[in-house]
Each structure stands twice: as C-alpha cells, then as structure tokens.
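Thanks for asking me to look this one over. Here are my comments as numbered points, to be read with the model open beside you.

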Amino acid sequence: MPGVEIKGALSMQIEIAGFPYLSAILITCVTGLLVILLLPEERKGEIKWVSAGFSGTTLLLCVYLFFAYDKTRGGLQFVEKVPWVPSLGIQYFNAVDGFSLPNLLLTGIVFFTGVLTMWQLQERVKEFFALYFLMVLGVFGLFVSMDLFFIFVWYDVSLFPMYLLIAVWGTTRKEYAAMKLTLYLFAGSALLLPGMIYLYVHSGLNTFDITALMQPGTFTTAQQKFAFPLFYVGFGILAGVWPFHTWSPVGHAAAPHSVSMVHAGVLMKIGAFGVLRVAIFLCPEGWQYWSGVMAFLAAFGIIYGALAGLRQTDLKYVIGYSSVSHMGIVGLGLSTVSVEGLNGAVFQMFAHGIMTALLFSAVGHIYDRTHTKEIGELGGLSRVMPVASFYFILAALAGMGIPGLACFWGELVVFIAAFKVYPVRTVVALLALVVSALFMLRVVQRTFYGPPNERYAQLSDVSFSSGIPRMILAGVLLLFGLYPALLFDVIETASIPFMNGLPR
Amino acid sequence: MIVPFGHVLMLAGMLFLLGVFCTLTRRNLVMIILGVEVMLNAAAIAFVGAALHWQSLEGQAFVLFIMAIAATEVSVGLALIVYAYRRSGSFDPSSCNLLR
Amino acid sequence: MIFYLTGGLIVASTAMAITRRHMVHAVIYLLFSFFGTAILFYLLGAPLLAALWVIIYAGAIMVLFLFVVMMIRTDATEEVMFPLNQWLPAAIFGAIYMAVGAAVVLMTPGTEVALPLMAGSPREFALYVFQNHWLSIEIVSLLLLVALVGAMSLGRGKGRDRTEDEA
Amino acid sequence: MIPFQAEDAIHMTVILATLTPLVAFLLIMLGTRARKNLSAGLSLGAIAISFGCSLLLLARLWNVREPLEYSTRWVALNRMEIPFGFLLDPVSLLMLSIVTLICLLVQVYSLGYMAGDPGFSRYYAFMSLFAWAMTSLVLSSSLLQLFIFWELVGLSSYLLIGFWYEKFSATQAGKKAFVMTRAGDVSFLLGLILVLVHVGNPAILEMNSLDSAGLMPSGILTFAALLIFGGIVGKSAQFPLMTWLPDAMEGPTPVSALLHSATMVAAGVYLFARLFPFFALSPTAMGIFLFIGTVSMILASTMAMVARDIKQVWAYSTISQLGFMIMGLAAGGYFAGVFHLTTHAGFKALLFLCSGVFIHTWHTNDIFELGKGGARRLKIPVIALVVAAGALAGLPPFSGFFSKEAILAALALSSHPVWLAAGLLGVFLTAYYAFRVLCILLFPPSAGEEPSGPVGGLAPAPKGSRQEGSSRTFIWPLIILAFLTLLLGFFQGPLQHFLLGEGKALLVDHGEQAGWLPFTALFLSLAGVGLAWAEFGRCGAARLSFVERIPFLRELFSRRWYLDHFYHFFVDRIVDRGFSKLFAQNDNRVIDGSIEAVSRGTLEAGRFLAFLQSGMIQYRLLVSFAVMVLLSLYFFYRDSGGF
C-alpha cells in the first residue's frame with residue numbers, strides 16, 4: 001500500500017505555529033509537579049504557594065488562549081504536531097478549537113480555585129498537591145490533544161490519581177467510593193481501548209490523528225454504528241450518563257473539596273468532551289443513528305437525577321445528583337445533531353463546571369467548620385456565615401437555571417434545540433426544572449435558613465482571602481450569564497463548520 | 001450357584017460406590033483409607049464373579065494380588081496417617097496442605 | 001438365595017461402617033462386611049481365596065486398622081460429618097455412575113444367565129498361579145518388603161524431624 | 001426597530017430607568033451592607049430616578065401613537081438571535097409608571113416599617129433587584145427577554161418572602177411560591193419554545209402582528225397560547241396554582257404590598273395584555289382563559305370570606321381581582337382589564353400598607369384582635385383603609401367602581417350570560433368580604449367599655465419615640481395612594497385615549513352597553529356592604545358570617561377548597577415518596593446492586609479457584625471420580641449409539 005504510506009509520511013512532520021502555548025500549559029503542570037515533589041514535606045506553606053503559582057500560570061495561559069483565539073478564522077489553532085512513534089502513526093498533536101477552548105478555560109479556573117480552596121489542608125500536603133497536579137495534567141492534555149492515542153493516555157492519567165485522592169483524603173465511606181469510582185471509570189476505559197483499536201485498524205491509514213480519521217468516508221456506516229456505542233458508553237460513564245451514574249454521587253461525596261470541584265467540574269466534562277471529540281467526530285453517522293437512544297437516556301437522566309436528589313440527606317450527594325441531572329442536559333444537547341444543540345451542550349459543560357465547583361467550594365467551607373454534611377444536622381447557617389451561604393445560594397440558583405447566571409443559557413439553548421427534534425423527551429426533561437428547583441430550595445432552606453443553631457454560633461465565616469476562589473467562580477458565573485455571547489461565539493466557530501461538514 | 005453374573009456385578013458396583021462415597025465425603029484420613037479398602041473389596045468380588053463367568057482362574061489369581069496390594073497400601077497409608085497426625089494433631093485431610 | 005442374603009449383609013454392614021462417627025465401630029462393621037465377602041467367595045467357587053480373605057484381610061489388615069485407631073485414641077466427635085460441598089457432588093456423580101453401570105450390565109447380553117458351577121480347588125489354584133504368574137508373585141513380595149521398610153522409616157522419621165525442628 | 005443610539009434622549013432615559021436599580025442592588029450587595037442608611041438611600045435614590053424617568057417618558061410619549069422599539073443583538077446563535085431591547089408603547093409605559101411609583105412609595109414606607117431589622121440593607125438590596133427586574137420585564141421587547149426577567153422577578157419574590165429566613169413558615173412559603181410559579185414558568189417556557197420554533201424570533205410586536213393564517217397552524221397556536229397562559233396562571237396565582245399567594249404573606253408587609261398585590265402578580269395580567277392580539281387569535285384559548293379567570297375569582301372570594309388573617313384576606317382578594325382582570329381581558333375588554341390593573345395596583349397597595357401599620361403597631365395579623373386592640377384610633381390609616389375598601393368593593397366615587405364597570409360591560413358583551421352573572425356574584429362577594437374586615441376592625445364588640453390599655457394580652461405599642469419618628473414615612477405613602485384611588489377613576493377617558501388611540505378597534509364598543517348594568521352592580525355592592533354591616537358592624541351583631549353558619553362551607557373555604565391538601569399529597573406521596581424514593585432505591589438496589597453482584601461474582605469466582613487449589617486430597621479425588629464417571633458416560637453413549 002504505497003499510497004497509504006505516503007499519506008502517513010506526509011502527516012508525520014513537525015508542525016508548530018508560533019509559541020507552543022498548549023505545551024506550555026502541560027509543561028507548567030509538570031514543572032509544578034516536580035517542584036512540589038522536590039520540596040520537603042514539612043514546608044506546607046511553600047508547597048501551597050508553589051501550587052497556587054503554577055496553577056495561576058496555567059489559568060493565565062488559558063485565559064490568554066481564550067482571547068487570543070482567532071474567532072474569524074475558526075478551526076484548529078495553536079497547532080503543535082510532533083511525530084512520536086511514526087511506525088504506529090502516533091503523534092504528539094495538540095490544538096484547540098471552539099469546542100475545547102471553553103473546557104480549557106474551565107479547567108484553568110477550576111484548577112486554580114481548587115488549589116485555593118484546599119488552602120487549609122494540613123495532612124499530607126505534598127502528596128495531595130502532587131497528585132492533584134497529576135490529575136489536572138491529564139485533564140489539560142485530554143482537552144488539547146488531537147491524537148486518539150494520546151487522548152486515551154491522558155484519560156487514564158487523569159483517572160488514576162483520583163483513587164488515591166479520594167481514598168486518602170476523602171471523608172464519607174472513602175475506600176468504598178474510591179474503589180467504586182475507579183472500577184466504573186476503568187470499565188469505561190476498557191470499552192474505549194477496543195473501540196480505539198477497532199477504528200485504528202479499520203481506517204487503514206496507520207494514524208491516530210483525529211483530523212485524518214474524521215474525514216468523511218474513512219469508516220463505513222456499519223463500522224460507525226458499531227464503534228459509536230463503545231465510545232459513547234466508555235466516555236459516557238465518566239459523564240454520568242444514566243444508568244452509569246451511580247459512581248458520581250458517591251464519588252463526589254467522598255472526595256475532598258477541591259477534588260470534588262475538579263471531579264464534578266471538569267472530569268465529568270472530560271466524559272462529555274470525549275463523546276464529542278471522539279465518538280461524534282469520528283462516527284458522525286453512528287451518532288445520527290444512535291441519537292434517539294442518547295436523547296432518551298439523557299432526558300431520563302435529567303428527571304431521574306432531580307427526583308433521586310430530592311431524597312438525599314447529604315449535601316454533597318444532593319450536588320452529585322444535581323450533576324447527574326445537569327450532565328443529562330449536556331447529553332440532550334449532544335443528541336440533537338444540530339448546531340444549537342452542540343452550542344448549548346458545550347456551554348452547559350462550561351457553566352455546569354463553574355456552578356458545581358462553586359457549590360462544592362461553598363460546601364467545603366461549611367464542612368471544614370461544622371464537620372458535617374448531613375442536611376439534618378445543619379440549619380440556620382445563614383446567620384453565622386452569610387457569605388458562605390451567599391455563594392452556595394448563588395450556585396444553587398444557577399443550578400435551578402435562573403437567568404443572569406450562566407447555566408440558564410446552556411439549558412435554554414439545549415431545550416430549544418431538543419424541542420425541535422424530540423418534543424416529548426424535552427417536555428419530560430423540562431419537568432425536571434420544577435423538581436430541581438424544589439430540591440435545591442429544600443436544601444437551601446434546611447441548611448441555611450431556620451433559627452440559628454447555637455452549636456455553630458462560634459464558627460467563622462468566609463474571610464476575604466479565603467473567599468477569593470469563590471469570588472472568581474461567582475464572577476465567572478455572572479459574567480457568562482450576562483454576556484453569553486462571549487462563549488457562544490467561540491463555540492460556534494467549531495459547531496457550524498462541523499455540522500456543515502456532516503454528510504446528511 | 002445359580003446367580004446371574006449381572007447380579008454379582010451390581011453388588012460389586014454398589015459396594016464400590018459406598019467406598020467412593022466414604023473416601024470422598026468423610027473428613028477423616030482413616031475413614032478415607034477405609035473407603036479405599038471397601039473399593040478394593042468390591043473389585044475383588046467382581047473379579048471372582050468374572051472368573052466364574054469365563055471359567056478361568058485368572059480372575060482369582062488377580063484377587064490374590066489385590067490382597068497383597070491392599071496390605072501394602074494399608075500399612076504405608078496408616079503409617080503416613082500416624083505421621084500426619086503427630087505433626088498436625090488432626091485427622092482432617094484439609095490440615096495436610098503443606099504443599100499448597 | 002444365600003448369595004442375596006450375603007450380598008445384603010455386605011452392603012448393609014459397609015453402609016454402617018462408612019457412616020460411623022467412631023472409627024472403632026466403623027472398623028468392626030467393616031469386619032462383618034469382609035466376612036460376608038469371604039462367604040461370597042466360597043459361594044462363587046474360590047475356597048482358597050475365601051480362607052485367605054478371612055486371614056489376611058479380616059485378620060491382619062483390619063487388626064492393623066484397629067491397632068492404629070486405638071493407639072491414637074482420638075476423640076472422633078470433632079469431625080465434620082459429610083460436609084455439603086463434598087457429599088452433594090459425590091452423590092450426583094455416584095448416581096450417574098450407578099445409572100450408567102446398571103445400564104451397561106443390563107444391556108450386555110449374557111449377564112442374566114446363571115453362572116455355571118465351578119470350584120477351583122486350592123491345589124489347582126496354586127498350580128495355576130505359580131505356573132503362570134510366578135514373576136508377579138515375586139514382584140508383589142518385593143513390594144511388600146518395600147512397604148515394610150517404608151512404614152518403619154516413616155515411624156522413625158518423625159523422631160528425626162522433631163529433633164531437626166528442635167535443633 | 002431603532003438601533004441603539006447613545007444620543008437618543010428617550011433611549012437614554014429608558015436605560016436610566018431600568019438600570020439604576022440594578023446599580024443600586026450591586027452597590028449594596030458589594031459594599032454598603034454594613035451601612036444601613038447608605039443602603040436605603042441608594043435604593044431610594046435609584047427608584048426615584050427610575051420613577052422620574054418613567055414620568056418623563058410618559059409625558060414625552062403621551063401623544064406618540066406608534067410603539068417605539070429599541071433593540072440590539074444580545075446573543076446570536078446559528079439560526080436564532082436573541083435580542084435585547086426595550087419596547088415603549090402605551091401599555092408598557094403605563095405599567096412602568098405604576099411599578100416605579102408603587103416601588104417608590106413602598107420603599108419610603110419601608111423606612112419606618114423595617115427600621116431596626118438586622119437585614120435592613122439586604123431588604124433594600126432585594127427591593128432594588130426586584131425594581132430592576134420588574135421594570136425590565138415591563139419594557140422587554142421580546143418574549144424571551146420577558147421570560148428572563150419574569151424568572152428574575154420570581155427570584156426576588158422568593159428572596160423577599162423568605163426574607164425572615166429564621167422563621168420556618170416564611171422559608172416554607174418562599175419555597176412554595178417559587179416552586180409553584182416555577183411550574184407555571186416551565187409551561188411558559190414550553191410555549192415560548194413552541195413560538196420560537198415556529199416563528200423564529202419572538203419579538204412581541206411580531207407576535208402580535210401574526211395573523212391566524214400565518215406561520216403557526218391554529219392548533220399549535222392555541223396550544224402555545226395555553227402554555228404561555230400557564231405562566232400567567234403561576235405568576236398571577238390563578239386556579240389551580242393559587243395557593244402560594246396567601247402563604248406568601250409571610251414576608252414583610254411592604255413586600256406583600258409591592259410584589260404580591262400591586263406589581264409582581266400583576267405581571268401575569270400584564271403579559272396577557274401585552275400579548276393580547278396574539279391570544280385573541282385563538283378563540284378557544286380565550287374561552288379557557290375566561291373560565292379560569294372566573295373560577296379563580298369565585299374561589300378566592302369565598303376563601304376571603306372566612307379568613308381571619310388580615311393579610312390573607314387581601315391576598316385572596318388579590319387573586320380574585322386578578323381573576324377578574326383576566327375575565328375582562330378574555331372577554332375582549334382590553335382597556336377594561338388594563339384599567340382595572342391600574343386602579344387595583346393603587347388601592348390594593350393602599351390596603352396592604354394600611355394593614356401594615358396595624359400589624360406594625362399591634363404585632364398581630366388577626367382582624368378580631370386588631371379590632372379589640374383599638375385599630376380605629378389610628379385615624380389616617382383608618383380613613384385610607386375605608387377609601388381603599390370602598391374602591392375594592394366598587395363603590396363610587398372610588399377608582400375601583402369605574403374599572404369594574406368597564407369589565408362588567410365587557411362581560412355583558414361576551415358570548416354567554418353566565419360570565420356576567422359570575423362577574424356580578426364576584427362584585428357582591430368582594431364588597432362583602434372587604435367590609436367584613438372593615439366592620440370587624442372599626443366596630444369591636446366592646447369598644448365602648450375598654451377605651452384603652454392592654455386588651456386581651458395585647459399591648460398597643462407605646463407611642464414612643466420610634467413610633468413617632470417613623471410615623472411620617474408611614475403616613476405619606478398612604479395619603480398619596482388614597483388620593484390616587486380617589487382620583488384615578490376620573491381619568492378613565494384620557495387613559496383610554498392613551499391606550500387605544502382613535503383608530504384601533506381592539507375592544508368591544510362601550511357605547512352600547514346596557515344601561516341597567518351600573519345600577520345592578522352598585523346595588524349588589526351596597527348589598528354586600530349592608531350584609532357585612534348587619535353581621536359584624538351593628539351593635540349586638542352576632543359577629544358570625546352567614547358562611548360560618550354552614551360548617552361544610554366554612555371548612556371548605558377555610559381549607560382553600562382542599563387545593564393545598566392535593567398539592568401536599570402530590571408532592572409528598574407521589575413525587576417524594578413515589579418517584580423519588582423509587583429512583584433513589586433503584587440507584588441503591590438495582591444499579592448498585594447489579595454492579596456489586598458483578599464484583600461479588602468476581603470475588604467468589606476467585607475464591608472458588610483458590611479453593612480448588614486448597615491442596616485437599618478429597619477434592620482431587622472427587623474430580624478424578626467425576627472424570628471417570630463422565631468418561632464412562634461418554635463411552636457408554638458412544639458405544640450404545642445414544643440412549
């Protein structure tokens with residue numbers, strides 16, 4: 001097959017446009033990790049400052065990328081392409097487009113605020129931040145990588161520190177939760193690997209390059225129909241797709257706060273992003289074929305998560321179930337096979353990430369002070385810690401889809417797009433808005449309202465300095481709630497060309 | 001004698017089964033060897049019956065050997081059991097798992 | 001008729017033997033079984049074997065058993081009788097075995113014919129054995145010798161082991 | 001459509017009118033929470049600017065016939081554009097003026113009412129948030145934008161109802177209000193999406209200029225109209241989503257006056273008026289609206305007849321009057337509905353503010369105890385209360401009389417006389433319950449014997465410094481509103497001219513209304529007043545209403561027609577203990593159960609394999625025996641050629 005070899009040889013060239021910002025992000029993470037490892041265990045303060053410094057650098061890089069991205073040109077930008085294993089067609093190929101940019105920004109924000117949220121940590125600080133950096137490194141890598149092989153590698157890199165982070169620094173039933181989560185996620189990974197190899201073998205191109213594999217005609221319709229569910233379920237487990245969601249409330253509840261933040265805020269997005277980047281990009285016809293099933297699972301997951309959340313008694317469980325519900329909205333958007341649906345889904349990924357991060361951050365503060373997450377034992381906190389409750393209520397309102405906060409736009413656009421295609425399923429999903437309002441308000445009422453609890457009367461509120469991460473998150477929530485076009489414009493640079501390129 | 005050969009074989013078979021059952025299910029080393037004896041006994045009956053059936057002394061000769069083998073087996077086996085009992089203090093076969 | 005009575009005796013006493021908790025009782029029951037077998041041999045035309053069976057089997061081997069059991073003087077009640085995970089598969093396979101065996105016996109032609117009478121006198125038997133199987137007899141005698149030595153060394157080896165353990 | 005132009009004076013005024021409360025809200029939340037007076041000043045200043053701007057606009061555009069629309073692109077998606085803009089036409093300007101005026105008055109009033117409350121700054125922040133959301137709602141140029149502010153108004157309502165968050169009933173009421181209106185809002189959103197899908201851009205003017213043969217098939221149009229009306233039902237507390245409003249009275253009284261009677265709940269009726277031509281395209285939908293309005297009006301009136309809590313009486317009354325407006329609008333009386341909306345805003349706010357004075361003084365909501373406590377001694381509130389109750393009952397010369405007549409006239413021209421009969425019944429009931437409260441307050445049974453001093457354990461608050469100091473902020477809003485109530489009725493002509501113009505034939509012709517109607521209505525009002533006086537007012541009255549003599553009706557009315565029981569049942573049993581429990585257990589048992597079964601299976605398999613390697617001789621023997629048996633079976637099978 002000489003033709004194939006020439007094609008492979010052509011794509012195997014070093015191609016780097018300008019300063020490698022994407023690699024810079026990854027290298028910053030790695031350097032941070034190394035510096036943390038080199039610092040002695042006892043110097044906790046320095047470790048924290050180093051972590052904050054490096055994570056802040058990545059945030060700055062992400063923000064820069066977000067604004068430096070040329071929206072008029074669209075497509076893949078900041079391309080870095082280096083052959084890595086030429087015989088197998090594996091490349092170190094990083095680039096961003098309109099789908100990955102919002103997620104990159106999200107990761108940067110949650111990463112930085114997560115470090116600040118764990119400022120009070122005293123136990124095994126060094127190991128914690130090292131693992132935390134490793135996890136986020138995987139996340140960053142997955143969002144920027146355009147090579148199927150590297151996506152798989154980064155996926156696993158981001159998952160395995162999770163086990164230790166939960167099992168060592170967690171709270172409620174941590175070993176059980178860590179084990180359950182790990183098994184679930186690696187089960188997903190076990191589906192991805194055969195899917196990936198299947199596509200690699202059947203393409204006959206000897207490359208893992210997504211841009212090459214996604215050319216129309218690379219795979220037959222039957223192959224796409226077969227491979228799509230593998231990727232959908234494999235990544236969907238991480239995205240909390242019903243019925244593979246039960247790891248998520250347990251995992252969220254057990255994880256330490258910043259890990260919960262990254263976990264619910266970013267890791268679940270990895271799942272949705274993987275569905276988009278791998279399953280939908282590579283198997284568009286499979287996507288269209290399976291979209292009805294996706295929509296059903298998503299709509300059912302939305303109402304299911306909301307209703308199941310109604311009965312939970314643990315603050316973090318409630319948030320976990322609300323995540324299931326919100327990720328269902330992402331899934332619903334992805335299932336519409338339309339520009340609006342993709343726009344809404346990606347927007348919702350971003351908005352939900354920020355919102356959940358804020359919720360977990362606020363809960364983290366409350367838990368640090370009261371040492372309980374049981375809703376029944378709390379109550380009346382609004383008097384004692386008005387600022388913490390303000391942040392929680394703000395995030396809860398965002399979760400209910402109040403306009404002016406970012407989540408509203410994601411939900412609205414997804415519902416509009418979905419209503420055109422699946423009216424009945426959308427109506428069912430819309431009912432969940434009422435239920436989610438009910439359960440969020442119930443939590444707010446039982447936790448923050450009511451007579452002040454004398455048990456907690458002496459507790460301190462969020463101070464200005466420890467409020468910084470929450471302030472950032474709340475500000476982002478408001479910014480994109482009031483001016484959603486900032487994000488939509490970026491997403492559209494990817495979604496419109498992508499949908500236009502689809503064979504109909 | 002007017003018994004049919006089939007009946008002799010049936011008797012031998014039942015006896016063999018009892019021996020197998022004893023060997024497989026009793027958790028006692030002595031009883032296991034005992035079960036083996038029962039099985040050998042059954043085999044001997046079958047041989048004698050066969051000798052009659054085919055009118056040949058070959059079968060009876062074989063029973064002689066069985067007897068000798070049985071004696072050997074019992075003597076060595078019981079010695080081993082005594083040895084194992086002294087080491088582990090039990091007749092339970094599950095306690096003899098040093099090779100595990 | 002005597003055959004069936006004897007057969008019933010053998011099966012019944014064997015069944016008793018293998019279900020006894022106390023090993024001494026089991027050995028005694030088995031003794032009955034062996035006596036029955038000896039009678040059976042006699043009926044089936046093997047008087048010499050019958051005599052040898054009583055002497056060697058019932059006399060020597062069973063006494064060896066009794067000797068060992070009594071020497072150890074263990075309290076046999078600690079044994080778990082017939083654990084489920086052992087007897088259930090054994091029973092299942094036993095039933096299959098029985099069914100197959102019965103089928104084979106019944107379906108083989110000629111097994112339902114009554115056996116002819118024949119008595120191998122001791123003299124005939126001895127001549128037959130030493131004419132045709134003299135080498136086998138020698139090998140078996142050698143085996144017995146080896147077993148004797150082995151049993152003795154096992155009995156002694158324990159003491160050596162212990163000294164090694166203590167040393 | 002006029003693009004944004006910074007130099008356009010009108011446009012700048014509009015922006016100023018809507019944006020200043022938001023600025024005040026943000027400033028208070030971010031900086032001045034600790035300084036109470038500054039917060040209140042900021043909020044008051046903002047709303048005053050807003051009110052001034054709205055007056056300016058009203059004056060400037062009084063004679064402009066064509067609606068002005070300012071719009072800019074807010075979010076543009078592939079095929080969907082979400083504009084952000086302002087629509088200035090008579091009805092929105094009128095509503096804007098009402099909203100800002102009442103906001104201003106209520107905020108002034110709150111200076112006294114909320115004085116000393118620990119959450120004083122928070123209160124003003126929320127009030128500003130509400131003012132921003134409400135003014136923006138009123139001026140929204142597209143339905144989507146309207147929906148956004150509709151939600152925000154609901155949010156501020158939630159925050160203000162649950163303002164005293166340490167009181168369980170208050171938080172409960174806030175939650176109930178939010179969730180019930182949310183149910184309506186979801187219906188609204190669905191209708192909105194339906195319109196969006198079929199029409200594209202749901203600008204209000206475009207929707208109103210749809211003709212019935214246009215973009216939407218009539219069936220879908222009716223459906224969309226009904227769904228959007230669902231939002232109105234939630235927000236305006238109509239049947240069947242009505243029970244949140246009486247509970248919402250747990251909030252501070254000024255909040256009740258502002259949000260839950262005069263402005264926010266009227267937003268539903270406003271939306272109806274706003275989209276009147278759109279709704280009018282579907283006669284079926286209009287019929288259903290008429291029915292729902294009527295049912296709400298009658299049900300709420302009956303509830304008001306037995307309530308003992310003064311604020312709840314007015315809450316029921318609000319529901320009933322909103323139902324009355326919807327009846328008027330649905331019967332085709334566009335002006336009648338809007339006019340009643342205007343007058344109602346005035347006199348209902350007045351009623352609440354007066355009640356607030358009593359509640360503030362005696363710290364109780366019970367009308368009988370207020371009467372015993374000596375409510376009649378507060379002269380100005382009592383006079384204002386009489387004026388407002390007169391307007392509510394529809395007595396001339398108060399404003400309510402004129403607007404009610406207009407609605408009745410519209411009803412008289414509707415398809416069936418039963419609606420008119422229902423309307424007249426409503427007039428009678430309204431007059432009755434309004435004066436029932438008044439009589440109980442003014443003529444307590446033993447007023448002569450116990451002129452002063454603590455009565456029944458209730459001490460009238462000492463007329464100390466605080467009371468005196470705040471009295472002026474209490475009184476002025478009352479006086480202004482009372483004058484408004486007195487005078488507004490006489491502006492019917494100019495208002496009609498303003499709203500409808502000359503050439504528009506949106507409404508039924510008032511010229512041919514039956515001459516007997518005003519007299520019948522007046523007679524019924526007077527009958528209601530007379531009955532109330534006979535039962536509660538005159539000396540030696542039994543102080544027992546005719547309804548209370550029938551236990552069945554009393555139970556039915558005071559338990560709100562068992563609507564709450566139904567909702568409790570629904571939420572508790574079906575949602576909470578039904579689906580929610582089912583799903584939660586499904587998670588625990590079925591999904592997790594199967595996962596754990598798999599893992600346990602793996603463990604067991606491993607254990608079994610380890611067990612086989614246990615080195616126990618009997619198992620090996622067992623296996624060899626089994627193999628032997630199976631082999632024999634195999635050979636037997638092979639040789640005999642099958643069984």
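1. Two residues are in contact here if their C-beta atoms, placed from the backbone, lie within 7 Å. Please keep in mind throughout that this is a predicted model. With that cut-off, 10 residues of chain C are in contact with nine residues of chain D. On chain C, the side that touches chain D consists of nine nonpolar residues, one polar residue and no charged ones.

2. Next, the chain pair that I would open in the viewer. Four pairs of chains are in contact, and chains B and C share the most contacts among them. Chain C brings 68 residues to that contact and chain B brings 57. On chain C, the helices α1 (2-19), α2 (23-43), α3 (47-72), α4 (84-107), α5 (122-132) and α6 (134-166) each supply at least two residues of the side that touches chain B. Sorted by class, this side of chain C has 50 nonpolar, 14 polar and four charged residues.

3. Now for chain B by itself. Chain B has three helices and zero strands, and its elements run α-α-α from the N terminus on. The radius of gyration of chain B is 17 Å, whereas the globule rule gives 13 Å for 100 residues; the value is well over the rule, so chain B is more spread out than a compact globule. Along the principal axes, the C-alpha atoms of chain B fill a box of roughly 50 × 25 × 20 Å. Even so, 63% of the 100 residues of chain B count as buried. Taking the contacts in chain B between residues at least 6 apart in sequence, 47% join residues at least 24 apart.

4. For contacts in chain D between residues at least 6 apart in sequence, 80% join residues at least 24 apart.

5. Helix α6 (residues 148-169) of chain A packs against helix α7 (residues 174-203) of chain A at an angle of about 170°, and their axes are 9 Å apart. Angles over 145 degrees count as roughly antiparallel, and therefore α6(A) and α7(A) are roughly antiparallel to each other. The residues that meet include A:L148, A:F152, A:Y155 and A:L159 in α6(A), and A:L181, A:L185, A:F186 and A:L192 in α7(A). By class, the residues of this contact divide into 16 nonpolar, two polar and three charged. Among the residues that meet are also A:D156 of α6(A) and A:K174 and A:E175 of α7(A).

6. Lastly, a check on helix α16 (residues 386-400) of chain A. At 1.5 Å a residue, its 15 residues should span 21 Å, and the end C-alpha atoms are 20 Å apart, which agrees. Is α16(A) largely enclosed or open? Of its 15 residues, 13 are buried, so α16(A) is largely enclosed by the rest of the structure. Following α16(A) comes A:G401, with a positive phi near 85°.

Notes. Residues are numbered from 1 along each chain as its sequence is written. Chains are lettered from A and ligands numbered from 1 in the order in which they are written. This is a predicted model: local features need pLDDT of at least 70, side-chain atom pairs count only at pLDDT 80 or more; totals for chains, interfaces and linings use all residues. Ala, Val, Leu, Ile, Met, Phe, Trp, Tyr, Cys and Pro count as nonpolar, Asp, Glu, Lys and Arg as charged, and the others, Gly among them, as polar. Helices (H or I, at least four residues) and strands (E, at least two) are DSSP runs, numbered from the N terminus. The radius of gyration is taken over C-alpha atoms; the globule rule is 2.2 Å times the number of residues to the power 0.38. A residue is buried if 20 or more other C-beta atoms lie within 10 Å of its own, exposed if 12 or fewer, and partly exposed in between; C-beta atoms are placed from the backbone. The expected span of a helix is 1.5 Å times one less than its number of residues. Axes are lines fitted to C-alpha atoms, for helices over the stretch in contact, and angles run from 0 to 180 degrees between N-to-C directions. Angles under 35 degrees count as roughly parallel, over 145 as roughly antiparallel, 65 to 115 as roughly perpendicular and the rest as oblique.
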